[in-house]
Amino acid sequence: QVQVVQSGGGLVQPGGSLRLSCAASGSIFSIYAMDWYRQAPGKQHESVAGISNVGGTHYADSVKGRFTVSRDLAKKTVNLQMNSLKPEDTAVYYCNVVINSPRIANYWGQGTQVTVSS
């Protein structure tokens with residue numbers, strides 16, 4: 001049984017910072033990609049950032065230079081450091097981890113609310 005649990009998030013003023021974390025546990029042979037997505041009210045689910053099994057990263061244009069994704073494979077965690085937050089970053093954030101356990105599948109975190117407001 002594989003579990004993916006998120007932590008972090010909350011309410012922050014514009015220009016502030018938040019850190020999201022996501023931890024995978026259970027019967028895990030290996031981890032491939034680890035990604036962050038978000039969904040704002042009335043908007044489509046969108047990819048925010050991700051890191052591959054070899055450490056390559058990608059970011060949505062809207063967060064480049066402000067967000068940083070990192071991982072610790074030994075701890076099976078992925079983090080999203082969010083700086084210079086804007087009201088338009090307000091959304092529910094989800095982590096997605098591609099895990100071999102032994103079959104390869106996507107596992108989603110429970111979602112975390114991030115609200116950027118003064």
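This is a predicted model: local features need pLDDT of at least 70, side-chain atom pairs count only at pLDDT 80 or more; totals for chains, interfaces and linings use all residues.
Modeller: Two strands pair if DSSP finds at least two bridges between them.

Colleague: Which residue takes a positive phi in the hairpin of E5 and E6?

Modeller: Glycine 55, with phi near 95°. That hairpin has five residues between the strands.

Colleague: How do you know that E4 and E5 pair?

Modeller: DSSP needs at least two bridges, and E4 and E5 have five, in the antiparallel sense; they therefore count as a pair. E4 covers residues 30–39 and E5 covers residues 46–51. Methionine 34 has isoleucine 51 in E5 as its bridge partner. Between these two strands the hairpin has six residues, and glycine 42 takes a positive phi near 75° there.

Colleague: Why is the contact of arginine 38 with aspartate 89 called a salt bridge?

Modeller: The N to O distance is 3.0 Å. The limit is 4 Å between a side-chain nitrogen of Lys or Arg and a carboxyl oxygen of Asp or Glu, so the contact qualifies. Arginine 38 lies in strand E4 and aspartate 89 in the loop between E8 and E9, so the pair ties together parts that are 51 residues apart in sequence. Arginine 38 and aspartate 89 are both buried, which means that each is under 20% relative accessible area.

Colleague: What is the N to O distance between arginine 66 and aspartate 89?

Modeller: It is 2.7 Å; the limit is 4 Å, so this is also a salt bridge. Arginine 66 sits in the loop between E6 and E7, 23 residues from aspartate 89. Arginine 66 is buried, as is aspartate 89. Through shared partners, salt bridges join Arg38, Glu46, Arg66 and Asp89 into one network.

Colleague: How many salt bridges does the structure hold?

Modeller: Four. One of them links aspartate 61 and lysine 64, whose closest N and O atoms are 3.1 Å apart. Since the cut-off is 4 Å, that distance passes.

Colleague: Is aspartate 61 buried or exposed, and how do you know?

Modeller: Its relative accessibility is 66%. Exposed means over 50%, so aspartate 61 counts as exposed.

Conventions. Residues are numbered from 1 along each chain as its sequence is written. Side-chain values use heavy atoms; hydrogens and water are left out. Helices (H or I, at least four residues) and strands (E, at least two) are DSSP runs, numbered from the N terminus. Buried means under 20% relative accessible area, exposed over 50%, partly exposed in between (1.4 Å probe, protein chains only).
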